[in-house]
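Try each task before you read its solution.

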Amino acid sequence: MTYKELIVEILQRAKEPLTSEQIWARACELGLDKKLSSLGKTPTATIGAVIYTHIKRKENQFIFASKRPTTFWLKTREHELTRLKINNVLMNIKIKQEKNQFCERDLHPLLVKYLDENPNFNLRCKTIYHEKSKKAVSGKDKWNYPDIVGVYFPYEDYQKETLNLLHNINQNHYKFFSFELKISLDFSNLKESYFQAVSNSSWANEGYLVVFQEIDDEVLSELRRLNQIFGIGVIKLESDILSSKILLSSRQKDLDIQTLDMLLDKNPNFKHFIQDINKQIKAGIDTKIVANFDDILSDEDMQKYLKEKHIEEQ
């Protein structure tokens, strides 16, 4: 088998355009690498060279599907590109996702540190492990549980006399937050991710969708439109938390007690979160209780963590 034959066979099987690296990876998965008459030291470079040569000679067997990243497709399947809605932006995001060596939950310590240190939040947070929730009929509890919940205690922002006054007139400034975290966001997962955040933040005063990778301008424009209707905020999380920012502010609302009570019943993490809040409120402003909130990593420990999880490289 020649490299050209290998490329054609892979692209005939492919459901979307591929980079030269992806073509070689698929070939190895199928065992086609063992059928090559001559392997060479740099197969991916050879694949790229073969395709470029044929395109330059205008043999019309291969075409470029996108340039950033460079992906390839068969000329005979060119009509499928429109139907597949493949464009440079979506392909770029897809390649980035494939290169990720970390999962969404690996980003939790980074978000927790940001929410603790950012003066717009100043929250104590807790990760909610969905898998620990009570089992229900398939689909019944879908999108009920946020990734991270947070609480704002006003103790550091007001004088003691002010806090006592608020207590005496039955007013408080405790606020509850819900966060849905995504590594990346594009039009393929935008609506599902956003309404997941809408659903699992219904109990809280404020809800946010948090995104780690860059957000395309058109996607951000759609997020603005949805924000005006549903009020879910958007945070752009960075490996350097000082560079993280609120892109869209959330709309504050009253607590949904019925949903909050349901979450208490079904998820032990959420129940412990509310129990710790009750203990702190009962103890008052002069006593700091030992609560099971997520730990806040020091700057040094955070840098080590980001390197270990390959997050800092993004």
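**Exercise 1. An aspartate in a loop**

In which loop is Asp-106 found? Then decide whether Asp-106 is buried or exposed.

Solution. Keep in mind that this is a predicted model.
- Step 1: locate the residue. Asp-106 sits in the loop between helix H5 (88–99) and H6.
- Step 2: check its accessibility. The relative accessible area of Asp-106 is 13%. Buried means under 20%, so Asp-106 is buried.
- Step 3: look for its contacts. Leaving out residues up to four places away in sequence, Asp-106 touches Tyr-305, Lys-309 and Ile-311.

**Exercise 2. Two helices side by side**

Work out how helix H6 (residues 108–117) and helix H12 (residues 299–308) pack.

Solution. Two packed helices are described by the angle between their axes and the distance between the axes.
- Step 1: get both values. H6 and H12 pack at an angle of about 155°, and their axes are 11 Å apart.
- Step 2: classify the angle. Angles over 145 degrees count as roughly antiparallel, so H6 and H12 are roughly antiparallel to each other.
- Step 3: find the handedness. H6 passes H12 in a left-handed crossing.
- Step 4: list who makes the contact. H6 supplies Pro-109, Leu-110, Lys-113 and Glu-117, while H12 supplies Asp-299, Met-302, Tyr-305 and Leu-306.

**Exercise 3. Another helix pair**

At what angle do helix H1 (residues 3–13) and helix H3 (residues 43–56) pack?

Solution. 
- Step 1: read the geometry. The angle is about 85°, with the H1 and H3 axes 10 Å apart.
- Step 2: name the arrangement. With that angle, H1 is roughly perpendicular to H3.
- Step 3: pick out the residues. From H1 come Tyr-3, Lys-4, Leu-6 and Ile-7, and they meet residues of H3 including Val-50, Ile-51 and His-54.

**Exercise 4. The open sheet**

In what order do the 6 strands of the open sheet come?

Solution. Strands of a sheet pair through backbone hydrogen bonds, either parallel or antiparallel.
- Step 1: walk across the sheet. The order is S3-S4-S5-S6-S7-S8, and the pairing is mixed.
- Step 2: find the edges. Strand S3 (123–127) and strand S8 (245–248) each pair on one side only.
- Step 3: check the turn. On average, neighbouring strands of this sheet are turned by 30° against each other, direction ignored.
- Step 4: zoom in on one pair. Strand S7 (residues 233–236) and S8 pair in the antiparallel sense over 3 bridges, and Lys-236 stands opposite Lys-245 in S8.
- Step 5: H6 lies across S3, S4, S5, S6, S7 and S8, and runs at about 160° to S3.

**Exercise 5. A hairpin**

How many residues does the hairpin use to join S1 to S2?

Solution. 
- Step 1: count the link. The hairpin joins S1 to S2 through 2 residues.
- Step 2: look at the pairing. Strands S1 (residues 62–67) and S2 (residues 70–74) run antiparallel, with 5 bridges between them.
- Step 3: find a partner. Ser-66 has Thr-71 in S2 as its bridge partner.

**Exercise 6. Cysteines**

How many disulfides does the structure hold?

Solution. 
- Step 1: the count is 0 disulfides.
- Step 2: check accessibility. Cys-28 is partly exposed, at 33% relative accessible area. Cys-103, at 40%, counts as partly exposed too.

Note on methods. Residues are numbered from 1 along each chain as its sequence is written. This is a predicted model: local features need pLDDT of at least 70, side-chain atom pairs count only at pLDDT 80 or more; totals for chains, interfaces and linings use all residues. Side-chain values use heavy atoms; hydrogens and water are left out. A disulfide is a pair of cysteine sulfur atoms within 2.5 Å. Buried means under 20% relative accessible area, exposed over 50%, partly exposed in between (1.4 Å probe, protein chains only). Two strands pair if DSSP finds at least two bridges between them. Helices (H or I, at least four residues) and strands (E, at least two) are DSSP runs, numbered from the N terminus. Axes are lines fitted to C-alpha atoms, for helices over the stretch in contact, and angles run from 0 to 180 degrees between N-to-C directions. Angles under 35 degrees count as roughly parallel, over 145 as roughly antiparallel, 65 to 115 as roughly perpendicular and the rest as oblique. A crossing is left-handed if the near helix is turned anticlockwise from the far one by less than a right angle, and right-handed if clockwise. Contact means heavy atoms within 4.5 Å.
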